[in-house]
Number of protein chains: 2
Amino acid sequence: MTIISADPAAGGGRSRRATGLRNEAAILAAAERVFAERGFKGASMSEIAAAARMPKPNLHYYFGTKEALYRAVLTDILETWLGEANAFVPDGDPATALAGYVRAKMRWSRERPHASRVFANEVIHGALFIGQYLSDDLRRRVEEKGRVIEGWIRGGRMAAADPKVLFFILWAMTQTWADFAVQVHAVLGVSDLSDEEYDRITEEVVVFALRGCGLTPA
Amino acid sequence: MTIISADPAAGGGRSRRATGLRNEAAILAAAERVFAERGFKGASMSEIAAAARMPKPNLHYYFGTKEALYRAVLTDILETWLGEANAFVPDGDPATALAGYVRAKMRWSRERPHASRVFANEVIHGALFIGQYLSDDLRRRVEEKGRVIEGWIRGGRMAAADPKVLFFILWAMTQTWADFAVQVHAVLGVSDLSDEEYDRITEEVVVFALRGCGLTPA
DNA sequence: GTCTATACCAGGATAGAC
DNA sequence: GTCTATCCTGGTATAGAC
């Protein structure tokens, strides 16, 4: 009858709050996977619940609606996207900065393929939920980083190019390994990529990107 | 009561068959757009019907089920995809072949953005309907074209690279302009790209691709 | 061949017991 | 906080008039 005894986790020594956080994290992880596989409409709350190993109403208890859950997943993804952007450090020489950025993006595609696909799906279908973020936060960030690149170009340290176009090219050639993984596997004739194989591809992409910018691999 | 008089188009001088073909084409075009915007699940037959300016049951009359309509749209898209692949001609020098291919893919992204997005959506969500095509038809084609590239590399006519990885990079950096158009517009701060602006971007992409392959723009 | 009206079902959301 | 049972909307598909 008391609040404490009503919580199954209380007896296990964990606080109610901790249980809640753990549940939320489990739901978010499951939702990211299911949204990646099925898209927003295609994903059902039942399937997410099953993937998170808990009854459907619990999802509504923690997140209210399907849309709110989707937004939470997107927010989580955008935060790590921002983190990756910082891998582009203007210090040192262009080749190092660029190679580091490409490797960071390739790592992200490898480690969070579901997140990448949810993001891609959202953008492809019009970015209804993250449009504001794209035209505010992301746009500003690209302009900042773009000025660094323009400085390098003016200094003759890399080939001339529109920095914004360059960013789109870099994103495309790194995210494709997560987003189009099925196509990659089909064309290569494998069911999965080993870490070694992925590292090899990563270096191919790095070299291509560096050459594309008129830089020679270190 | 007769077959002829039952056809509204008969009086207009058009044959029933022509009307049917025209209707099918209208439905396919509308479906491509709606599937691109909403995804397979997100698209509703009512919305497609409205976009095609005809009552919902007519769609079922022509295509049976939503899934069959979706397959028809995909088939239509894959056929033009194959056509584009032929833009990669092994004759002449690598730079010409590569530049021609990149321009053809950029043109496709510009002219059939909805088709590109439907394709992207399908692959991202596991290529349930076109998986067979990817691992048979596309794979074979990539291997053929790949051998041409390997010949160029052995002949020292371009930088060393895994041809398959190269193809994925080329696809990614050209298709992104259709698939992620919303993100492009947001970052550039425009609501649309003019033909001139798109041509400029195309040349940036061509130059980047050529340099990436160790080739100098003509 | 075309369309109105409807059967039917999947799935989001909630009431209310525990 | 958790879960069972249920409501109800929206969407595919079709029966049957014209």
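Start with α10(A) and α8(B), which are oblique to each other. That class is what remains once angles under 35 degrees count as roughly parallel, over 145 as roughly antiparallel and 65 to 115 as roughly perpendicular. Here the axes of α10 (residues 195–212) of chain A and α8 (residues 163–179) of chain B cross at roughly 60 degrees and come within 10 Å. Axes are lines fitted to C-alpha atoms, for helices over the stretch in contact, with angles from 0 to 180 degrees between N-to-C directions. Helices are DSSP runs of H or I, at least four residues, numbered from the N terminus.

Who touches whom? On the α10(A) side, A:Ile201, A:Glu204, A:Val205 and A:Phe208 make the contact; α8(B) brings B:Val165, B:Leu166, B:Ile169 and B:Met173. Contact means heavy atoms within 4.5 Å. By class, that is seven nonpolar residues, no polar ones and one charged. Asp, Glu, Lys and Arg count as charged; Ala, Val, Leu, Ile, Met, Phe, Trp, Tyr, Cys and Pro as nonpolar; the others, Gly among them, as polar.

A word on the source. This is a predicted model: local features need pLDDT of at least 70, side-chain atom pairs need 80 or more, and totals for chains, interfaces and linings use all residues. Residues are numbered from 1 along each chain, chains are lettered from A in the order written, and side-chain values use heavy atoms, without hydrogens and water.

Stay with α8(B). Its axis and that of α6(B) come within 8 Å and cross at roughly 110 degrees. That makes α6(B) roughly perpendicular to α8(B). B:Pro113, B:Ser116, B:Arg117 and B:Ala120 of α6(B) meet B:Gln175, B:Ala178 and B:Asp179 of α8(B). The classes here are three nonpolar, two polar and two charged.

Which residues lie closest to its centre? Of the 20 lining residues, they are B:Pro113, B:Arg117, B:Ala178, B:Ala181 and B:His185. The largest share of the lining, four residues, comes from α9(B).

The largest pocket holds about 640 Å³ of space. Of its 25 lining residues, A:Arg38, A:Gly39, A:Gly42, B:Arg38 and B:Gly39 are closest to the centre. The lining divides into nine nonpolar, eight polar and eight charged.

How is a pocket defined? On a 1 Å grid over the protein atoms alone, with a 1.4 Å probe, a pocket is an open set of points with protein on both sides within 12 Å along at least five of seven lines; lining residues have an atom within 4 Å of a point. A volume is the space filled by probe spheres set on the points.

Note on methods:
Helices (H or I, at least four residues) and strands (E, at least two) are DSSP runs, numbered from the N terminus.
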